[in-house]
Amino acid sequence: YITYRLDKRLNNAVDYLQEKHGIKKVDRSLIINAMLDTDEKWTDEALDKLVDPLISILTSRLLS
């Protein structure tokens, strides 16, 4: 499950990279892998920064 907002952002990113940079084979999964497959995203500090957004998303799901 991804939000409508994230779905739209991924589609826009694909379009941007294809049009602006000519990377015709780029797709949503490639973008996600490139964004997440960096060591900086997996440090304790980076994970700590996810706590508030995670709680917000979980709260939103409970109230929907």
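**Note on the predicted model: surface patch and overall form**

1. A nonpolar surface patch is formed by Ile32, Met35, Leu36, Trp42, Leu47, Leu50 and Leu54, which together have about 670 Å² of accessible area. Areas are by the Shrake-Rupley method with a 1.4 Å probe, and for residues only the protein chains shown count as cover. Patch residues have over 30% relative accessible area and no salt bridge, with nonpolar side chains (Val, Leu, Ile, Met, Phe, Trp, Tyr) joined within 5 Å; a salt bridge is a Lys or Arg side-chain nitrogen within 4 Å of an Asp or Glu carboxyl oxygen.

2. This is a predicted model: local features need pLDDT of at least 70, side-chain atom pairs count only at pLDDT 80 or more, and totals for chains, interfaces and linings use all residues. Residues are numbered from 1 along each chain as its sequence is written, and side-chain values use heavy atoms, with hydrogens and water left out.

3. Helix α2 (residues 28–36) gives the most to the nonpolar patch, with 3 residues. Met35 is placed in helix α2 and counts as exposed because its relative accessibility is 52% (exposed is over 50%, buried under 20%).

4. The chain has 4 helices and 0 strands (DSSP runs: H or I of at least four residues for helices, E of at least two for strands). The radius of gyration is 15 Å, well over the 11 Å of the globule rule for 64 residues, so the chain is more spread out than a compact globule (C-alpha atoms; rule: 2.2 Å times the number of residues to the power 0.38).

5. Buried residues make up 8% of the 64 residues. The chain exposes about 5900 Å², with 59% supplied by carbon and sulfur atoms.

Methods
Patches are made of residues with over 30% relative accessible area and no salt bridge: like charges are joined within 9 Å, nonpolar side chains (Val, Leu, Ile, Met, Phe, Trp, Tyr) within 5 Å. Buried means under 20% relative accessible area, exposed over 50%, partly exposed in between (1.4 Å probe, protein chains only).
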